[in-house]
Amino acid sequence: MNGFPWLTAILLLPAAGALILQVIPGKAADLIKGVTVMVAAAEVVLVAIVVHGVATTSAIGGGPLPMHYVEQASWIPAIGASYHLGVDGVSAWILALNAGVFLLGALVVPRRSTERLKLFCGLMLLAEAATTGVLISLDLLLFYVFWEGMLIPLYFLLAFYGNENRGRATLKFVIYTVAGSLLMLLAILYLHFQALAGGHNTFDLEVLLQNPLPVQTGVALPFTTIPTLSPAMFAFLAFALAFAIKLPMVPFHTWLPDLYESAPAPVLVFFAGVVSKMGAYGFIRFGITLFSGPVHQLQPLLVALAILSILYGAMMALSQTDLKRIVAYASISHLGFIALGIFSLDQNGIDGAVIQILNHGIIIAGLFLVVGVVEARTGTRDIRELGGLQKRMPWLYVFFLVITLGALGLPGTNGFVGEVTIMLGAFQYFWLLAVLAGLGVLLASWYMLRMHQGMMHGPVRAVTEKVQDLRFREGLVLAPLAVLIVLLGVFPHPVGTVAAQAVPGYVTLADASQHPVVVPTVAHVSALTEVEP
Amino acid sequence: MNASTAALLAGLVLLFPLAGSALCGLIGPVLGRRFVNLAGTLSIGAAFVVTLVIFVQVLGAASGHQSTTATLWNWLNLGPGNLNVSVDITIDQLSVLMLLVITGVGLLIHVYSVGYMEHDPGAARFFSYMNFFIFSMALLVLAANMVILIIGWAAVALSSYLLIGFWYERESAVLAARKAFITQVIGDVALVIAAILIFVNLSAVPACPPNEKCAGLPQALHTLSLPQIFAHASSLGVGSPLITLICILLAVGAFAKSAQFPLHTWLPDAMEGPTPVSALIHAATMVTAGVYLIARFHSLFDLAPIASGMVACVGMGTAVMAGFIALSQVDIKRVIAYSTMSQIGLMIFAVGIGAYAAGMYQFLLHAFFKALLFLAAGNVIHAVHDEQDIREMGGLDSRMRVTAWCFLVGSLALAGFLFAGMFSKEDLLGFGMINGPGSPALYIVGIGVNVLTGLYAFRLYGTTFRGEPRSEAARNAHESKAVMLWPVVILAGLSALAGWILQWPVAFGPHLIDAFLNPVFTSPGSGPIAKAPQLWPGVLGFVIGLTCSLIGIAIALRIWVRHDLDPSRALARPGLRLLPRLSFNKLYFDELYDTLLVRPTRALGRGLRRVGDPVMDSWIKGVSDVATDFSSVFRSVQTGLIRDYASYMVLFVVIFTIGVMLAAGLAR
Amino acid sequence: MLSQAMFPWLLLTAAFLFTLGALGVLIRRNPLVVFMCIELMLNAVNLALVGYSSYLNSEEGQVFAFMVIVVAAAEVVVGLGLLTRVFSIGRELDVDDLDEMKQ
Amino acid sequence: MRTVNALAALPLATATPGWRDLVGLLPELIAAGGFLALMLLDLVVPPARRTWLAVFSGAVLVGALAVSVWGWYDAGSAGRSVFFGAFAYDRLAEFANCVILVTTLLTVVISPGYLNRRRLHHGEYYSLLMAATVGMMLLAGATSLMVIFLAIELLSISLYILSGFSRQEERSQEAAVKYLLLGSFASAFLLFGMALVYGETGHTQLAQIAEAMSRSLPVDPLLVGGIILMFVGLAFKVSAAPFHAWTPDVYQGAPTSVTTFMSVATKVAAFIVIIRLFDDAFASYYSRWSAVVIAVAILSMVVGNLAALTQNSIKRMLAYSGIAQAGYILIGVAVGVGIPLGVQGALYYLAAYAFTNLGAFAVVTVMSGQGEDLDSYDHLRGLWRRRPYVAAALAFFLLSLAGFPFTAGFFGKFLVFAAAIQAHNVALALWGIGTSAVSVFYYLRVTLIMFQRPKEDAPAYEWPRTGLAGSAVLLVTAAGTLVLGVFVVLVLTVATMAQAGTLPGT
């Protein structure tokens, strides 16, 4: 608060860092990396201040979603787009995750082996700026600009620095994300003109939430209702597609394993830890609030997809032999949990989703760091060739054990907190969901142990014959993650309370009963025909 | 005692082992073996001392005030109507009894381990894990909130996993650890779902009976704190499907932990761990956590007769099954493991019929003699150089006298003659006579279990210690050193005397444990759920049970010690021919699960891997192909010939003009 | 002063000439002939312009026609210059030869 | 017919032109003067000093630019018609002037270096460039069919010669002939359309044409035909499919600096006049011509993007992308009647396109070395290693063409799509979305190639030093692209004002 534009600061700091890098001679690798890490650390500090502020001060703004640190300035008055920033209990911890994971990513940038290190670090910083922007913008156009802009640095990082088969992977990734988000742009425009018709020339989320879209009654059947294909429904589908691809939910996930397999370690840590959470964040912040009607009509489908992601991801993780692919599918499964929590539209569920976003970010970053270390040591990612690492790398074993337990959601680790809360929320929507999610947990312990034991236990193999244990720096990167996994497992209170102070607003917004219900009329039918390509 | 004291003491009990674990694990490898031995054992000793203090406190407390609940810190607060969990601990007779066993027996076993792990390079890791186990077990029994209980529950499973897979270079150990852990997770999930059911349904006002109008709707509590749950258990309905379901889920959790049918197959494999582990975790304490759970949730089970009946049947069934399998196993530790399974089956049966105190009584005594048996077995294994096959042993009684005597005491206690087992088993069977589903049917089965117990107990003793040595290792085996002997002796003493002491004041009446625990188990208002038998029926039952045990022992001695009775001919009869093979192959449960669950899942995974993703991103290739085709079309019309370009222009001018004219004509 | 009856015919003539020129462009391969066809099209336009102007008795059409003539002349100058340079010695006059750049 | 005849009697040529009319033409006059002066200077300036010509023309352009900026304020929001309605002195015209003059200026800046490398440095280059500029400026302001025709021919003829400017090169000659023959063919159609429009309305001034059209229902078939033919002629100039076929060949064949110039400036001028005609003068016939414009827009987006997908020549790729961009701008035009956002979007897109495409072609020009023009994708291999900033700039321009945020291209697309949605023409927007999704690939593919190592067998292309002029131009265009991508309000306000003050203003 107190006048200082904190959010602008955390938004511009990484970008400024990217600029600073340009004046450093390309030869000074240490300096370049040092500056990057410094900027990342400073960002962490700033974000910490912001999160603390969110936790301690009371939110301002009488809107349905009270915000903190609000900044508002006119941007494109002609079309009512504004530079509107704000943070609340939902985004605060994701913001912290963003900064923290990025710091880790910056720490593990291979200083010597990266060619054009300056470019690499600059792109990384730009990527962080973009993700930060996504998390704090309250204007749909601004959000979209960051959302789409996020792709640029990520694309270059992946396309330039990935391994040999990066070409197809990045192409797939770009196909999926661009296709999804362009449709979202149309939906945003639809919302804009809907509001314009209502007398508001705006893209502002808070204003758009004030006059909700008309909800059309679906055709009621036993168990579910067939949703009517109103323009609102199409708009939601466009948003949902964009978010579901980024999350990703099965069946829109196929870009992810290939991409993770080809991505360089620092990018991978950041990507898996933060970028994939943007979809979940989008669903919470925009999906369920702006489109409560369509969400409720499609809820059965959405939770079904979430469960599908959980189980499908788990089964695939069980049958992979490449460490990165195992973790990739495991992450799909876990993100399915997050989606399940969101679409339960229950406060526990959404709280759990927010908590799980943070926790999964920590866990997955740790997993990929470990995989990176092991690959660097042994030169292989094939689980069948690995084994007996516990003997050679006891410290890695300690950290990896904690991370694994977090990943399989062992009670007492942070993974459990989110999962149990999500299951509680899902149960209140439909009991079977909790049971199936439980099955997912069971499978998780199976594939995680398969991976963990396959790497660590058994007799020492040829590739693991003469590997060294973690160096101090590597331990320094992994230790905080392990500590956090345990700490947030036994004392999740801070995360929970901050999230819980914001989530009720979302739940009430997602409650369709508030919004006007219109029976489909000729006008809607014509509108429908207009929407169809 | 007041809450703060309780919090302090409980905190200490938790803290000491945790600190010990951290010390041993992190700086142990640096500071060396002595430090590890000291830190590892002293921490447990300290915890034991604190437990004694607590015990005294509880004994001294006025009746009705023995139970204290305290909050350590807030775990998660999601606002009213949502999940609100705080780290609560309860100190009452039940938890303190558990703590006594955990820390007491634990201390002995730690001391024993100092000797047993002497030559193992991973001793530091071992003690770290063991201490962590004590911590998590203590957390489990102290927890006063269901979430915290689940956390302890899982932490126990974790330490068990770590210790089973302690020798991680042995594939078999690794697999056994994984199997144990995943089985435990099944239990965890069951507990979580039970917790969710309770959270959703627990309400302050008793729920209305069906099809009846109520004045005030029940107002939901949305809590998972155990005292609350127990206080309002009735709101879940008496004998209703809901509470039955909850209790069944709880029971599933208990079965997973206590290796009851059908989740029992992990326990025998768990013997891959070092012997002290088997003694502490897979005999004395952890595997009895299931019994504790049901006893702790008695006020729910009291309301769900169907569920309790199921529990009782499963318990007795497991007792029989395990006893039967134990008859023909050849690995000394596996035999004891199955006997554990069988004895725990009896405990489960006891709590199933509502004789909670009896169940805990059996738990207490069983902890003594089973730990004794395992440690003694550990001595034997050491003596014969890590040989575990009893067919390679024999004649050890002359070579390691103390161990042999202690083992004999343990076997008698197990079989239920003279020593510990006699009291507890007869006690709970006595309850079985008049309580439980279809009583006294299960009681009769229980009598049979006595026979079985006698048989396998003394088959083990006979083949191991009596007769002639059947291997080189056995021939020049020799007694273990003091540090591994004293704990055994102490446990032998306990097994021999505990029963007499506890039973002393009142013969055939309620024993001290009963008196001590009953306040916990009497749901407010009514008395204990299970009626104790009258005096003379009790005496009668006692005599019958005892004779059965003796019969079993006698037969065993004739077959395996005096060798004047050969069962093989009897078993050769067509009807019975199958029995030995079934028993030896553990009724083929592993194979069954493998074919029914494991293989299909793996196959499904492989199938999905082959089909799933390729199908799901086939559309991308399709799109790109179409795009490229169109691209080549558009490029092919770009012939570079001026006349072609001109003709395109003319063509489209014509098309547009005609089209617009037609449209205009239609518009007219 | 043009009579009402004749005017449509005149317009048709212009259109006919225009089409003729266009067809010539499409059919003929000699660049000079193609160029002439284009001139034909322009002159068809001139015809239409002049016809209209006299029909509507407004001068603008005729002015327009003059401009067209001038511009056409300029085009011819430039065009012939280019063509002579392109189809210099040793190349027969064929627009279909100009297909080095395609696709 | 009778009513039209009555209109013909309006008194026109009574007054004589005055100073106020000349003020309206001041920028054009300055440029024209520069054109003549350049022709004379060419005779006196020694061949070694030809750069002076560039400097001189640069000075002239700056002067014209200054006057245009002044004219923006002088013309005011209403604007006024000069030379008896033959020419518009309004903000639309001045906006166009500014864009065109900046384009020419930047082209002039990069030309000497390029021409010297390619040994093409002849004096008439600048005069022809100036002549084309004059034509474009006139076109932007023209409100009379005759002026439109004259302006188009002026710029076309100059461009015919320029595209054949490299006398030695076969390709350049071929390009010139193609452009010449097809261009005059197209202007014949344009002319016939004009004749019909004139004949059916009886006027050549747009104001009166519009008035006459609004008098009657849009039913006159000859008039409709005339409108369509005029659109065809102009669509050829903006290289919109299916009248685009000449574009790739000419862009590839012409000297790169010329391509740079004509790919941007021509489009701007032609689109301005299209907006004047269709969104303003012919508005009352909207129901008739809209279908054609929409069809052309969709065709351009589809053909341009898909054909560019598999190109291996950067110049051809940019040509096809230019065709696609024309399609996007046409979206704005197609829905522009009654929806100001359409025209505003189109204008914004034009400015964005000017900077972006100019930048992209400037990179090609600046990087073209002694031997052949930089053309094949293989020439770009390893550029990112040897010339990181040039490569980054090109990547930035390509991203802008693809329509990524933080670049001008994004808001260009955004505004025209918004206009389409506002016009309830979601289908059109969806076509735009789909095609731009496709376009992402070939743009990004080039960026990737720049980062790859050059092939072993093929010798790496010899890139010349960027030089002060080159870097300056790249800097300006990149900055422009970025500014238009972030501080939208600046240019959007300008576009709004320009759209508001359009003459004849029906």
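Reply: A residue is buried if 20 or more other C-beta atoms lie within 10 Å of its own, exposed if 12 or fewer, and partly exposed in between, with C-beta atoms placed from the backbone. On numbering, residues run from 1 along each chain as its sequence is written, and chains are lettered from A and ligands numbered from 1 in the order in which they are written. This is a predicted model: local features need pLDDT of at least 70 and side-chain atom pairs count only at pLDDT 80 or more, while totals for chains, interfaces and linings use all residues.

Me: What percentage of chain B is buried?
Reply: Of the 668 residues in chain B, 57% are buried.

Me: And how many helices and strands in chain B?
Reply: Chain B has 27 helices and two strands. These are DSSP runs numbered from the N terminus: helices are H or I, at least four residues, and strands are E, at least two.

Me: What box do the C-alpha atoms of chain B fill?
Reply: Roughly 115 × 75 × 65 Å, taken along the principal axes.

Me: Switching to interfaces. How many residues of chain A are in contact with chain B?
Reply: 43 residues of chain A are in contact with 41 residues of chain B. Contact means C-beta atoms, placed from the backbone, within 7 Å.

Me: Which helix gives the largest share on the chain A side?
Reply: H18(A), with nine residues. That side of chain A divides into 24 nonpolar, 17 polar and two charged residues. Here Ala, Val, Leu, Ile, Met, Phe, Trp, Tyr, Cys and Pro count as nonpolar, Asp, Glu, Lys and Arg as charged, and the others, Gly among them, as polar.

Me: What about chain D against chain A?
Reply: There, 24 residues of chain D are in contact with 23 of chain A. H19(D) supplies the largest share of the chain D side, eleven residues. The chain D side has 20 nonpolar, four polar and no charged residues.

Me: Now packing. At what angle do H6 and H7 of chain D cross?
Reply: Roughly 155 degrees, and the axes of H6(D) (residues 124-141) and H7(D) (residues 145-163) come within 8 Å. Axes are lines fitted to C-alpha atoms, for helices over the stretch in contact, and angles run from 0 to 180 degrees between N-to-C directions.

Me: What sort of residues make that contact?
Reply: The contact of H6(D) with H7(D) has 17 nonpolar, two polar and no charged residues. Leu128(D) and Leu139(D) are among those on H6(D), and Val147(D) and Leu162(D) are among those on H7(D).

Terms used. Two residues are in contact if their C-beta atoms, placed from the backbone, lie within 7 Å.
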